[in-house]
Amino acid sequence: MTSTGSSSSSRATGSGAPRPGGAAPLAGRTVSRIGYGAMQLERLRSDRAAAIALVRRAVDRGVDHLDTAQFYGDGFVNGIIREALGPSDDVVVVSKVGADSDPGGPRPLRPAQRPEELRASVEDNLRSLGTDRIAVVNLRRLDAGPGLRAEGDQRVGLDDQLAELTRLRDEGKIGAIGLSSVTPDGLRRALPAGVVCVQNAYSVVSRDDEDMLALCSAEGIAWVPYFPLGGAFPALPKVVDEPAVRTVAAALGVTPAQVGLAWLLHHAPNVLLIPGTADPGHLDANLAVGGIALDASSLAALDAVRSRSADVRL
C-alpha cells in the first residue's frame with residue numbers, strides 16, 4: 001500500500017491494468033474513475049480470505065482508489081485492506097473521520113466531531129491500516145445528507161476541525177483533506193484549507209447539490225458521491241426503481257444499477273465512483289460501467305428524472 005508515489009498513466013494503473021471508467025485527478029494523483037468503497041467488506045467478516053480476495057480482485061482489475069474508515073466494522077475493513085495490499089501496490093487509500101463505532105449504542109455509529117476525536121480517529125486509522133500516512137482523510141460533517149446529526153458538544157465549528165486536520169497534514173500523517181456531508185457554505189469556507197474531494201449523497205434521483213458539484217468542478221475538486229444509487233435508507237428513493245432508468249437499461253442490455261452509475265460518470269468529468277459490494281460478480285458489473293455509452297436521448301431522459309432530497313435524519 002502506498003499513499004504517495006508517482007502517478008501511473010492515464011490509460012493504465014501502475015500494474016498495467018486498464019483503468020475502469022478512465023482516469024481523473026485526486027489529491028495530485030491520477031486514479032481510475034471507478035474505485036471501490038470498502039464498507040460492505042464487513043459482510044464477509046466470517047470469511048476473511050474472501051474479503052482479502054475481493055480487494056485483490058478490484059486492484060487487479062484496475063482499481064487504485066479505495067475508500068474506507070476505521071468505523072467500518074470497527075477496524076475490520078481497514079485490517080482487510082492492510083492484508084490485501086502489498087508494498088508495491090500503487091493504491092490511493094482514502095479514509096474518513098467524524099464518527100466512531102458504537103457497537104453497544106442505539107446506532108452502530110456515534111458522532112466524533114471534536115478536534116481531539118478527529119486526531120484520535122486518524123491515529124486509529126493509521127494503526128489499523130498499518131501505515132504512517134493516509135493519502136486523503138475526509139472530514140465527515142453532520143450538517144447535511146442522510147444519517148447522523150451533531151448535538152450538544154458535538155456541534156463543533158468547521159474552522160476548528162480544519163485547523164486540526166491541517167496540523168495533521170503538516171505533521172505528515174495525512175496527505176490531503178476532503179469533506180463529506182457538507183453544505184455549500186461549508187465547502188466555500190473550507191476552500192482555503194486545500195480541499196481535494198467532496199463526498200455527499202448524490203445520484204440521478206437526488207441532485208440537491210448540483211451547484212456544489214459545479215463549484216467542485218471549477219475548483220479542481222473531485223466529486224465522490226456516496227449512495228450513488230439512492231435507497232440506502234427506507235425514506236430515500238431508489239435509482240433502480242425509476243422508469244426512465246429501467247427503460248435505458250433495457251435498451252442497452254445492462255442493469256438499472258449500471259445505468260445509474262454510468263449516468264454519474266457522464267454527468268461531470270470530476271466524478272469519481274466508489275461503489276461497494278461484497279460479491280465478486282457485482283464488483284465486475286460495477287467496473288464494467290466505464291464501458292457503457294449513453295447517447296444524447298438517454299442522457300436527456302435520465303436528466304429529466306425528478307430529483308428528491310437526500311436530507312434525511314436518523
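The following dialogue explains the terms used for this predicted model.

Guide: Residues are numbered from 1 along each chain as its sequence is written. This is a predicted model, in which local features need pLDDT of at least 70, side-chain atom pairs count only at pLDDT 80 or more, and totals for chains, interfaces and linings use all residues, while side-chain values use heavy atoms, without hydrogens and water.

Visitor: Why is A218 called exposed?

Guide: Exposed means over 50% relative accessible area, buried under 20%, and partly exposed in between, with a 1.4 Å probe and protein chains only. A218 has a relative accessible area of 65%, so A218 is exposed. A218 belongs to helix α6 (residues 210-219), a helix being a DSSP run of H or I with at least four residues and a strand a run of E with at least two, numbered from the N terminus.

Visitor: What makes strand β5 mostly covered?

Guide: In β5 (residues 92-97), 6 of its 6 residues are buried. V92, V94 and K96 point one way, whereas V93, S95 and V97 point the other way. In a regular strand the side chains alternate between the two faces of the sheet.

Visitor: How do you know that β4 and β5 pair?

Guide: Two strands pair if DSSP finds at least two bridges between them. Strand β4 (residues 65-67) is joined to β5 by 3 bridges, therefore the two are paired. They run parallel, and D67 stands opposite V94 in β5. Likewise, β10 (residues 195-199) pairs with β11 over 2 bridges in the parallel sense, with C197 opposite A222 in β11.

Visitor: Why do β3 and β11 stand at the edges?

Guide: The 7 strands form an open sheet, in the order β3-β4-β5-β8-β9-β10-β11, with parallel pairing. β3 (36-37) and β11 (222-223) each have a single partner strand, so one side of each is left without a neighbour in the sheet.

Visitor: What makes a nonpolar core, and which residues touch the most other members of the largest one?

Guide: A nonpolar core is a set of buried Ala, Val, Leu, Ile, Met, Phe, Trp, Tyr and Cys residues joined through side-chain atoms within 4.5 Å. The largest has 79 residues, of which L41 and L179 touch the most other members. A second, separate core of 14 residues includes A24, L26, L272 and I274.

Visitor: How many residues of each class line the largest pocket?

Guide: Its lining has 21 nonpolar, 13 polar and 8 charged residues. Here Ala, Val, Leu, Ile, Met, Phe, Trp, Tyr, Cys and Pro count as nonpolar, Asp, Glu, Lys and Arg as charged, and the others, Gly among them, as polar. A pocket is an open set of points on a 1 Å grid over the protein atoms alone, where a 1.4 Å probe fits, with protein on both sides within 12 Å along at least five of seven lines; lining residues have an atom within 4 Å of a point.
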